[in-house]
Every structure is written in C-alpha cells, then in structure tokens.
Amino acid sequence: MGVRMLLVCALCTLFCQAWSSAEPHVTEVELHPLFLYPWRNQGKGVVRVKRDWIIPPIRVLENSKQVPEDLVQIKSDKIFLGEVIYKLEGPGVDQEPKNLFEIDDKTGVIRSKRPLDREKHSSFTLKAFALSSSGERLENPTTIEIVVLDQNDNRPAFTQKQFVGTVAEFSVPGTSVMSVSATDVDDPMTDNAALSYSIIDQESIPANAVTKTMFGINNQTGAIYTRDVGLDREVVKAFRLKLQVADMGGMGLTSHGEAVIHVSDINNHAPQFNPASYSMTAVENELNYEIGRVNVTDKDDRETGNWEAKYSISNDPKSNFAIRTDPATNQGVLTVLKPLDYETQKEHILSLTVENVNPLSSKAANLPPSTATVVVTVVNKHEAPYFKEDPILIEVPESVLPSTLLVQISALDPDKSKLRYEITKDPESWLEINEDTGHMKSRRRFNMRSPHVIKSVYWAVVKATDADGLSKTANVAIKLKETNDFPPQLIPLSGSICRDITSAGSGLFLTAVDEDRPPHAAPFFFEIDDDLWMNWTVIRVNDTHAVLRPHKELEPGQYVVTVLVKDSGSPPLDSYAQVNVTVCLCDSHGDCKSETGALLGTSMGISFIALIIIMACVALLLLLILLAVALTTCGRRHHLKKGTGLLVGESEDDIRDNVLNYDEQGGGEEDENAFNIDLLWNPHEPPSSPRSFYPGSGVPRGKQPLRKDAPHNLPSPIYPRRPPADPTDIEDYINDGLEAADNDPNVPPYDTALIYDFEGDGSVAGSLSSIASGSSDGDQDYDYLNDWGPRFQKLANMYDPR
C-alpha cells in the first residue's frame, strides 16, 4: 500500500512541474506505471467497499509538435494472473474528433497522435479498460481526464470594423462619447485573453482643424471620453481615431481598429436678418398672393431646428398680412391675407422678428432677436361695386299690394362712379326695381303656395353695375308673412242621417278646408242659420270638425241646412254653405235603408235579405226542374224515317206498347218535314226512371194533374181500343179519343199535350199512308185534316202545298 501511494505522489509532482513550466512544450518526464486494481479486505463481519484509483487530470499543451507524445501509462494488478489487453474509448479516440489519442494494448501507454487545439476542444474525458485475452473485463473502466493547456496563439479583434459616435460641440472634458470592444478566443482565465485598449492616432475633419489630443480611452473598458476643450462644430466637423487592442495586458498580440466621432451642433447662433429693411408693393383687393421675401443667416447646422427660422409680424392691427418660412431657403415669404384698400390706406409699415424653431442654447451669446422693417405700398386698382350685405333680407306680408316699396337696394363703388341696378333673377316676376335709385317694389301680389317659395322665403338676385361695366350681384331673401286671404270652405255639402235622433248615425260630420296656413286657418267655428235653429244644431267636436244633427225626429226626406264656417285668422274670414241632408230610416247599425227594407227589418217580418235569398233559391229550383225535364224529353225523341206514316215508328215489326206523342207547337213553327215522336212511359219501368214523368210537365205518371173544369174523383171513361181498319177510320178514332179525354177528370188540362195509347197485336198504325205515303207531298191531299178540329189545323197547314 505504501508503494502505491508513493507512485501516485510522484506522478502528481511531475504534472505540477509540467503545469508551472514556462516552456512552450511539456518537459519529458519518466512515466511510472499506475497499478489500477480494486482491493477488498474482509474481516469478521466487516466488508470493505471496493475502491478505484483516481487519476488526476492529465494536462497537455496545445499545438505541441512532439507527436506522437506519451501522456500516461496504466497497468492492472491482474497482470500477474495472465495476459492483460488495454483498451481506450471516448472523444478523441473512437468518437469525434477521432484519432487524437491511442493506447498501447499491451503496455497501457496512452499517447497523443496529433497536435491539439484548445480553442476547438479544451478537454477530453476517456474510458480505459483492462481485458483478458478472452475479452473478459478484468477491472472496472477507469476515467481519464485530459486538459488542453492554452497558448497565446490568437490575436484579439475589434467587434466592429468602424465605430461611430457623436459628441456635442463645446462639451467639457471628461464627457463620455462612446465605447469600443474587442474579443480574444484564447483562454479568458489566462493573460492570453487579457486585453488592453489605446488610441494611437487622431485626425480631425477637416484636416488639421484641431491638432491637440481631444479624446482619451479607458485601456480596460474601451470607453472613449473628451480630454480637452475646443469642440466647435463650425471649426471641426468630426474626428477619426486609430485604435489598438493587445492581449497579455498590452504586451502580447495586437490588432487595430477605427472610430469616427462627429461633433453635433447646438443652437448657439441666433438667426440674423440680412438686410434689415425691405420695400414691397401690393395691389388692392387682391389676396392670398406673395408680395416679397426676407432673408436671414444662421451659422448652425442647416436643415435642423437650430437653423430653421420662425417669423412673426408686428404693427399689423387688421391682420392683413401673413409670413411663412420657405423650408428650402429659410427665407420669410410675405403674403396678403386680407384685401387692401387703396382709398383707405395707401401704405403699411410692418415690423418682422425672427428666431429659431429650437430654443437657443445657454452657451449662445445673450442677444435680442433680430428684427427687420418692411414698407408695403398699396397700388390703386379700378374696383367693382360691392354690397354691404349679402343676402339682402326683406320681410313683407304675402298680401302686399302691387307697387308697394319693399326696400332700397344700395351698393357702394370705391371709385365713386354712378351705379345702375337691375334684377337678374325673379322666377315669379313679382319684383321691379328702379335702375337709378335701386328702389325695389312689388309688381303683383305674392303667393305662399308658389314652388319658388321655400320655407316662406322667396329668393331673387339683384346686380349693380358701374360706369365702366364692372358689376356685382347680391341675393335678395324675401320672407313672406302669412295673411288671412282665403275663407274656409265647408265640406261635405251633402250627406245622410238617421231619422231616429238616438241612433249612432243621427249626425253628419262637417269640416272645412282653408288655403291659408296657421294661424289663419284652424280652429274653425260652425254656426246654424237663425231660421233653422229650432230643428237643427251643430256641435263642435274639435278644432277642425263639428256634427250637424236635428233637435227632434224629422220625417224622412231631403232637407237643406245653411251652415256658417269661420276661421281663426286676423281678421277672421267666413263663408256660408248649404248642406243637403237626407233623413232616412236606419237599421240597427245606423245605416240608411229603403222603406221596404225598413219594414222588413222590423220584428214583425223577416229580413229583406233573407226573403231575397229564399226567392232566389225557389227560382233556381224551378230552373233545375225545367232543365231536367227538357233533357229527358230531348233524350226520348226520334225522327220519322222518310216514306213512313205518321203513326209508324222506325220498326214496323211490333208497335205494341208504343205511345205516339203529338206536340202541337205554335208561334210560327216551320218544321214541315217531320214530327218528333217520343217514346213515353213504360209501366214496367221503375218510378225513378226519366220515362216515369209526363212529358213537359214534370208530373209523375202516378200523380196526374187535376182538371179544374170537371168533377174530381170520378172514374175515367173507356177510351177506344179498336184499331182502325183503314186510314179513313182514323178520324173517327181520334174524335172518340178526344171526347173521352174531354170528359175524363183524371187527365191533364187542355193546355197539356194529349197522350194517345195504341196497344195490342196486329196494329195497323203503320198503314197511315194518307199522312206519310210513298208518293210526293204534292200528290197528297190534306184538306180533310181541316175538318178534324183546331188540333189538326196546324198539321193541315204544314202539309198544304199552298
């Protein structure tokens, strides 16, 4: 144990000597092997903790040219047990940057392979291993720290190529101006990076303006400050300083830089007029134009607030003039702000004062502001006349009479020439003016309802012209005052009221219209003529309406009531009107109705409207019944074929149960070619069938209409059932049927078509060739039909060739 400790102490002593050496490389020393092994001492019940040897950092000088260079040797105490193989890993070995260090795997010597650079890598931490020949790890890995020692191999450098600063002129010594800075990549913990600043040269701008040293620098911080007085911007504009920085506290490597220091201006010079007096001219009645300029000088820096001038005018009580600064030249520009009048003042003497925009510095001379005198001469100019007021205000009543003097227009002419007046705008032609005196009169009455009267003001334009033709116009505003010109007119002039004075409609609402405007219109007042006050009264509702109503119940009819209506004008105007009042009967709603409607509207009868509805329904029902009967009749008719008899149907095979219907139609019926033969009711058809009604009557077959010319409830006579043997027997057959029908109380009356039933087998109805034979109508003689009575008279006329 004592031997190991001696080896470690010897190794540490060698490293300390190498660290403190002033040589540029590490002194070669004898390397003693370091036996790295853990040891364990066991006693009764006591286990000592395993310990490793701690190797102090190995210091290696950067940029060493003795490469490869042995740094240290390690050995394991397992060497006595067999062959030991040493391995090394970490940054600089198998990690970036690689190939800087290596280890002899048999001897355990660690050496550097290339020169090291502290500015890139200031230290390395490696791991050393002891392995058996079979690759088994014999020891725990040992940490080896390699520290690279710095050399002064880098020059310091300024952080800027050129430093720029500013210092105000007349600054006192010790005034801080600016700071410069530099950097050195060498180890900041050594003198290799200990920097020192200095000024090695000074140059003034312009050159040689100042030769004494004006600035100093703090060698440790780089702060530049003033050392002397005499910084005048009007003398020197700037300084250029050459700077130096050195490491090793000023004894090592050096670098150079530059600093430019500008001398800033202070307002230590007041502006001065040059010259101090001016003469200018101005034309009268013109304004906003330049009449002249004034000049000043200032030694301060141009285009700054210390140089820019600010002017003011005194001795101008009416403020006719103004002055401004031209920013480019710093001149004062004098202008006319208000028109000048030659006749009033021919000359103006102005006093000008100038000062800077920025206040003067306390280091400036204490002098009063510079002043200048400007004499402005007014040039006479021929001037146009002008009006003292525009617009000219006039207030007149609207009912002013024609030729009434309204106002005297008066214009002024600076040249005292004679003026001529005229009206240039008068849309309603209400005005006239005397061209010599300017007296304006009304030509005719005004009208407030004119579209040119806006808010009760009528506008006109008048012009004044001097002898030289120069003119001036002015507006004339005529404010019209409302007067009571129109009487009110009553409306309505007719209406209806209810007879019952207690009804809601027992009064007629009246009002009035007035073309005047307030206060010459409403409120209106209504009165009744004295002759009518016993029967009628008018009750005021509000300012514009009243109700006309009777005192008592009057008979229905027309009444004429005279009503007086009066406005509230000053003086008031009134008018009479005759109101035609219709007194009528009213319903419960107060609406007038006719006498019949009133009667039906009482509690004793039904409503007139209800009666009209009932009558309309009955008429509609009758119309539907007639339409149904007509459609049924038209559906049952068919025409006779040409060449057949009157009593023969379309089929001559069987005419049993066929009923022939002869319709006698008057009123000029001209159908002479055929008759409508209708197949009538079949007793075997149901009652709802259309054939179960008498044709044209709408009466069911089972309920025939009763005759009024025969007793009722009597049996019907026996009708002839014998078919005629030949056509000549048809007259007797028909006569028998007519007689039976006349005496039958159960058949329809005479104004109903007669129905002849012809039934049975073997009917020879188709043999009536005397009526419809195969011969032509011209060969047939129909005179015998006239002998059959009036019923066949029409048939005879139809077939009579004459």
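The chain averages a pLDDT of 77, and 72% of the residues score at least 70.

Ground rules for the rest. This is a predicted model, in which local features need pLDDT of at least 70 and side-chain atom pairs count only at pLDDT 80 or more, while totals for chains, interfaces and linings use all residues. Residues are numbered from 1 along each chain as its sequence is written, and side-chain values use heavy atoms, with hydrogens and water left out.

Sheets next. I looked up an open sheet of four strands, in the order β21-β28-β27-β24, with mixed pairing. β21 (277-283) and β24 (309-314) are at the edges with a single partner strand each, so one side of each has no neighbour in the sheet. From one strand to the next the twist averages 30°; axes are lines fitted to C-alpha atoms, and angles run from 0 to 180 degrees between N-to-C directions. Strands here are DSSP runs of E, at least two residues long, and helices are runs of H or I, at least four, both numbered from the N terminus. Two strands pair if DSSP finds at least two bridges between them.

Inside this sheet, I noted eight bridges between β27 (residues 347-356) and β28 (residues 370-379), which pair in the antiparallel sense. H348 stands opposite V376 in β28.

I then turned to another open sheet of four strands, β39-β41-β44-β43, where the pairing is antiparallel. Its edges are β39 (489-491) and β43 (536-540), each with a single partner strand, so one side of each is left without a neighbour in the sheet. Three bridges join β39 to β41 (residues 508-513). I found A512 in β41 as the bridge partner of L490.

Last, side chains. The structure holds 20 salt bridges, each a side-chain nitrogen of Lys or Arg within 4 Å of a carboxyl oxygen of Asp or Glu. One of them joins K212 and D228 at 3.7 Å, N to O. K212 lies in the loop between β15 (196-205) and β16 (215-217) and D228 in the loop between β17 (223-226) and β18 (238-246), so the pair ties together parts 16 residues apart in sequence.

Technical notes:
pLDDT is the predictor's confidence in each residue, from 0 to 100.
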